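Please look over the sequence and the model below before reading on. The report then takes up a few details.

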Amino acid sequence: MNENYRSFFGLKKEPFGTDIAIKDILQTEQLVDVKTRFDYVTRLGAVGLVTGEVGSGKSTAVRYAQGHLHPSEYKSIYITASSGSIMEFYRQMLSELSIHRNSNSKTIMCRLIKKEITDLVLDKKLKVVLVVDEASLMRLEVFAELHTICQFEKDSKPYLPMILAGQNNLVDKLSYRSSQPLASRIVARSHLQATTLDAMNTYLEHRLAIAGVEHNLFDQPALTAIHQGSGGLFRKANHLARGALIAAAASNKSMVNAEHVQLAATEIF
Ligand SMILES: Nc1ncnc2c1ncn2[C@@H]1O[C@H](COP(=O)(O)OP(=O)(O)OP(=O)(O)O)[C@@H](O)[C@H]1O
Ligand SMILES: [Mg+2]
């Protein structure tokens, strides 16, 4: 689809893209709540949980919280989980820690990770934080073992706080008996809900303002249509809002209406 809508509406950049800078992230109540719990988990060296529907803003909220950790004080590790084995997980961890030794032994890999973390904490005086995004994808056997990388000095030193973010079935996976050692370390949970109509309005205005347009481009029925069509979820709202802007520009209308949103809705899932 063509990009004429940007010049038509005087937008300096794509207003509803995914590459939002940390300083531009909208500080919603839920986002601030995630950060508060993230900081608490980090201080305690425990495990925290962030859940929510697809596109509700989990990764953005975690990125926001992680982005506020000062690099002189923190070593932040971010992993996008997969449905692979625990060995796969350890490989990802080692790569994030810039350790390029490989092994086929779980024990050796786990030891390498723990040694590096201990060095970071004791020698470099850094606090380490591990974020595992898409954790709902992980196999049950990974949940059953993951707590072992958080155990230092006979489980007496909380050197590796961990935030698990993922879809709602993450809670189901943590409810299994085999996941209990990990689940029992959880001290804080955030669940991102669908946003309200008012909050959606604030969100759309905020994203337009970042792209250089300070006035509203969506009439009230268009806003309602975006809110309903997206189920209050940001990613879907982004797609609807962008598609509706394109449709409005194509019909030479300076305000987006509900019909434009309906047209946009035919293009997305
Ligand atoms: N607080 C926010 N401020 C600005 N934009 C946001 C915010 N939260 C979410 N978004 C927008 O919504 C999009 C979807 O958010 P995000 O990727 O964080 O959702 P998610 O819950 O992690 O989705 P998934 O379940 O697919 O992993 C982001 O690309 C971003 O554009
Ligand atoms: Mg995500």
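The text below describes a predicted model, beginning with the ligand and ending with aromatic rings.

**The ligand and its surroundings**

Ligand 1 sits in the largest pocket. Around ligand 1 there are 20 residues, and those that come nearest are L26, K58, S59, T60 and R207.

| Residue | Part of the residue | Distance to an oxygen atom of ligand 1 |
|---|---|---|
| G55 | polar backbone atom | 2.9 Å |
| G57 | backbone N or O atom | 3.0 Å |
| K58 | side-chain N or O atom | 2.7 Å |

How much of ligand 1 does the protein bury? Taken alone, ligand 1 exposes 630 Å², and 93% of that is buried by the protein.

**Aromatic rings**

The model has four aromatic pairs. One of them joins F152 and Y159, with ring centres 5.2 Å apart. The planes of these two rings meet at 50 degrees, so the pair is tilted; planes under 30 degrees apart would count as stacked and those over 60 as edge-to-face.

Are the two residues buried or exposed? F152 has 4% relative accessibility and therefore counts as buried. Y159, at 12% relative accessibility, counts as buried too, because the cut-off for buried is under 20%.

F152 has a further neighbour: K114 lies over the face of its ring, 5.9 Å from the ring centre.

Conventions: Residues are numbered from 1 along each chain as its sequence is written. Chains are lettered from A and ligands numbered from 1 in the order in which they are written. This is a predicted model: local features need pLDDT of at least 70, side-chain atom pairs count only at pLDDT 80 or more; totals for chains, interfaces and linings use all residues. Side-chain values use heavy atoms; hydrogens and water are left out. Rings of Phe, Tyr and Trp (its six-membered ring) pair if their centres lie within 6.5 Å; planes under 30 degrees apart count as stacked, over 60 as edge-to-face and the rest as tilted. Buried means under 20% relative accessible area, exposed over 50%, partly exposed in between (1.4 Å probe, protein chains only). A charge sits over a ring if NZ of Lys or CZ of Arg is within 6 Å of the ring centre and within 35 degrees of the ring normal. A residue is near a molecule or strand if one of its heavy atoms lies within 4 Å of it. A polar contact is a pair of N or O atoms within 3.5 Å; within protein, one must be able to donate a hydrogen and the other to accept it, and residues adjacent in sequence count only if both atoms are side-chain atoms. Accessible areas come from the Shrake-Rupley method with a 1.4 Å probe; for residues, only the protein chains shown count as cover. On a 1 Å grid over the protein atoms alone, a cavity is a set of points where a 1.4 Å probe fits but cannot get out, and a pocket is an open set with protein on both sides within 12 Å along at least five of seven lines; lining residues have an atom within 4 Å of a point. A molecule sits in a cavity or pocket if more than half of its atoms lie within 2 Å of its grid points.
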